[in-house]
Amino acid sequence: MSFLSKRNRVFKKSVSTFCFVLLVILGGCAHPISENLRKSIDPSVSLPVIKQNPNQFANQNVMFGGVIVATRNFPDKTEIEVIQKRLDHFGYPNRGDETEGRFVFVKQGFLEPEIYSKGRYVTGAGKLAGTQSGKVDSREMQLPVIEVAELRLWEEYSKTPYSSYANPYFYGPYGGPFSYYGRGFRRFGYPYWW
Amino acid sequence: MKSFFVLLVLSAFCFSCAPVISNATSQKVDKDVSLKELFKTPDKFVGKTILIGGIVIQIDSDNNRLSMFQADLDLRLQPLENDETLGRFLVVFDNSLEKDKIKKGVKLTLVGKLEGTKKLPVHQISYNYLVIRAVEYHVWSKNQPWDFQPGFRVGVGVSGSI
């Protein structure tokens, strides 16, 4: 086999491996709400706009996300009260303090309240089904209700698959036992000030 | 000398893979019971011995009873925290609960006998819990150094030089 054809073969293999890796990475970044549902959503319909005139947007598809405040189970449905947060390009709720208010996701059937618990982040899309009264301390308010068709509960940061050996703070700021500038250096006899 | 070290390493692996439920108890498990079917139609499986795991919700020390929600088990029979569950169940113990080990949020794997069902309130509903009498159980401690889910991960890095 000539040198050039061998090099071409290696190059093609590298490109196909890179494409495979890219597909795997991009697959992990997929939006949690299906494309068909997202296409039916008018992004200009925000929570403040809905609160001003809820009847105008009845039965329209909307997509919101945020942090769960409470989950309530009823005989035929589960209500999830959420503090709205802006969604990024991948549908992930922003973790900052800005919010446009609260709303309620309604899902048919039983959702485990210990899983859909206070503080978890959630993104959902579905039809706007009016408003219902809610209370924050002694203040009454009208909360938009969304009959959610697709719902995504985001993983908690604490539930990472890493052990304490992979914890970046376990060995201090210089990395783990096999890092170039960490203990690995000392373990193999290099002076620690390197 | 070389074979001694090989044996030492192999034995370390063996100890770390020790079963959490004893072989004698594992053999009593009715392997033809599907957990999905069990939660759908529990009355059909009363008296069966099952292997199940989950997360503790509430402890009832007076009645030596726990309420839990089911979670799938990994290869080591440790309950997964993957936000999926088939439903809730009660675990009844013959002896007093290990109060220092068993707390809300703790993962538990057990072999037990299905005794029936019991309705208890969950918010605005009357939830039909499975009732399982524990034969043998294992409490998973949090933050073990080896307590992680192995998996395949891909990373992208950027490097440069000045």
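Select the five strands of chain A: β1-β2-β3-β5-β4 form a closed barrel with mixed pairing (strands are DSSP runs of E, at least two residues, helices runs of H or I, at least four residues, both numbered from the N terminus; two strands pair if DSSP finds at least two bridges between them). The twist from one strand to the next averages 45 degrees (axes are lines fitted to C-alpha atoms, and angles run from 0 to 180 degrees between N-to-C directions). This is a predicted model, in which local features need pLDDT of at least 70 and side-chain atom pairs count only at pLDDT 80 or more, while totals for chains, interfaces and linings use all residues. Residues are numbered from 1 along each chain as its sequence is written, and chains are lettered from A and ligands numbered from 1 in the order in which they are written.

Next, select residues 61-73 and 121-136 of chain A, strands β1 and β4, which run antiparallel and are joined by 7 bridges.

Now show chain A whole. Its 4 helices and 5 strands follow the order α-α-α-β-β-β-β-β-α along the sequence. Of its 194 residues, 17% are buried (20 or more other C-beta atoms within 10 Å of the residue's own, C-beta atoms being placed from the backbone).

Finally, colour chain B by pLDDT, the predictor's confidence in each residue, from 0 to 100. The mean is 86, and 83% of residues reach 70 or more. Confidence is lowest in helix α1 (residues 2-16) of chain B, at a mean of 62, and highest in strand β3 (residues 88-92) of chain B, at 97. Where pLDDT is low, the predicted coordinates should not be read in detail.

Note on methods. A residue is buried if 20 or more other C-beta atoms lie within 10 Å of its own, exposed if 12 or fewer, and partly exposed in between; C-beta atoms are placed from the backbone.
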